[in-house]
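This briefing describes the fold of a single protein chain for a reader working from its atoms. The sequence and structure are shown first, and the points that follow are grouped by topic.

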Amino acid sequence: MSEDSAAAGNVIRLAEIRDTPLSVDEVFAAVGDPAAGGVALFVGTVRDHDHARDVSALSYSAHPTVRRELLAVMEKVAADFPVRALAAVHRVGDLAIGDLAVVVAASCPHRAEAFDACRRLIDDLKAQVPIWKHQTFADGADEWVGAC
């Protein structure tokens, strides 16, 4: 393990994929650090529409390498920003409208850094981590999002 990877390991406090409900409090607590002056948190929820269509059901699935890919994204954020701690949890399985789908957080010495690190974490997670969304619409049609 390189020195950068070891340092990233110290700041990555929570990195999980779960089939059970998520907790904002757990993620917030995971990034607590006395040297952090700012904590930014993002919570993604299941909405009742997408592209002006009513969503009736939604399910997430993940590739077996999902945790490794999530850690790689988090290590990159840790290398690019002065983070004190990072946390990310994503849900898989069947979710209901309003359920928490993803919760990520970053703590840094200053608020601007925390906002930037948190935004990068969620953006890169959505772009690079192999999690796919299957949504069913009220008219019976369905679509996969994120599947290649």
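What share of the contacts in the chain with a separation of 6 or more comes from residues 24 or more positions apart? Such residues account for 73% of those contacts, a contact being heavy atoms within 4.5 Å. The model is predicted: local features require pLDDT of at least 70, side-chain atom pairs count only at pLDDT 80 or more, and totals for chains, interfaces and linings use all residues. Residues are numbered from 1 along each chain as its sequence is written, and side-chain values use heavy atoms, with hydrogens and water left out.

**Overall dimensions and surface**

- The C-alpha trace spans about 50 × 30 × 25 Å along its principal axes.
- Of the 148 residues, 40% are buried, where buried means under 20% relative accessible area, exposed over 50%, and partly exposed in between (1.4 Å probe, protein chains only).
- The chain exposes about 8,000 Å², of which carbon and sulfur atoms supply 51%; accessible areas come from the Shrake-Rupley method with a 1.4 Å probe, and for residues only the protein chains shown count as cover.

**Secondary structure**

- The chain contains four helices and nine strands; helices (H or I, at least four residues) and strands (E, at least two) are DSSP runs numbered from the N terminus.
- From the N terminus on, the order of elements is α-β-α-β-β-β-α-β-β-β-α-β-β.

- An open sheet of four strands has the order β1-β5-β7-β2 with mixed pairing; two strands pair if DSSP finds at least two bridges between them.
- At the edges are β1 (12-18) and β2 (38-45), each of which pairs on one side only.
- From one strand to the next, the twist averages 5°.
- Strands β5 (residues 85-91) and β7 (residues 100-108) run antiparallel and are joined by six bridges, with L86 opposite A106 in β7.
- Helix α4 (residues 111-128) packs on the sheet, touching β2, β5 and β7, and its direction makes about 145° with that of β7; axes are lines fitted to C-alpha atoms, for helices over the stretch in contact, and angles run from 0 to 180 degrees between N-to-C directions.
- Helix α3 (residues 66-80) lies across β1 and β5 and runs at about 150° to β1.

**Pairings of strand β4**

- Strand β4 (residues 53-62) pairs with β3 (residues 49-50) in the antiparallel sense over two bridges, and H49 stands opposite D54.
- The hairpin of β3 and β4 has two residues between the strands, and H51 takes a positive phi near 50° there.
- Seven bridges pair β4 with strand β8 (residues 131-137) in the antiparallel sense; T136 in β8 is the bridge partner of A57.
- Three bridges join β4 to strand β6 (residues 93-95), and the two run antiparallel; S59 stands opposite D94 in β6.

- S107 is found in strand β7 and is buried, with a relative accessible area of 0%.
- A polar atom of the S107 side chain lies 2.8 Å from the backbone oxygen of V31.
- Not counting residues up to four places away in sequence, S107 touches V31, D33, A36, G38, V39, V83, R84 and A85.

Note on methods:
A polar contact is a pair of N or O atoms within 3.5 Å; within protein, one must be able to donate a hydrogen and the other to accept it, and residues adjacent in sequence count only if both atoms are side-chain atoms.
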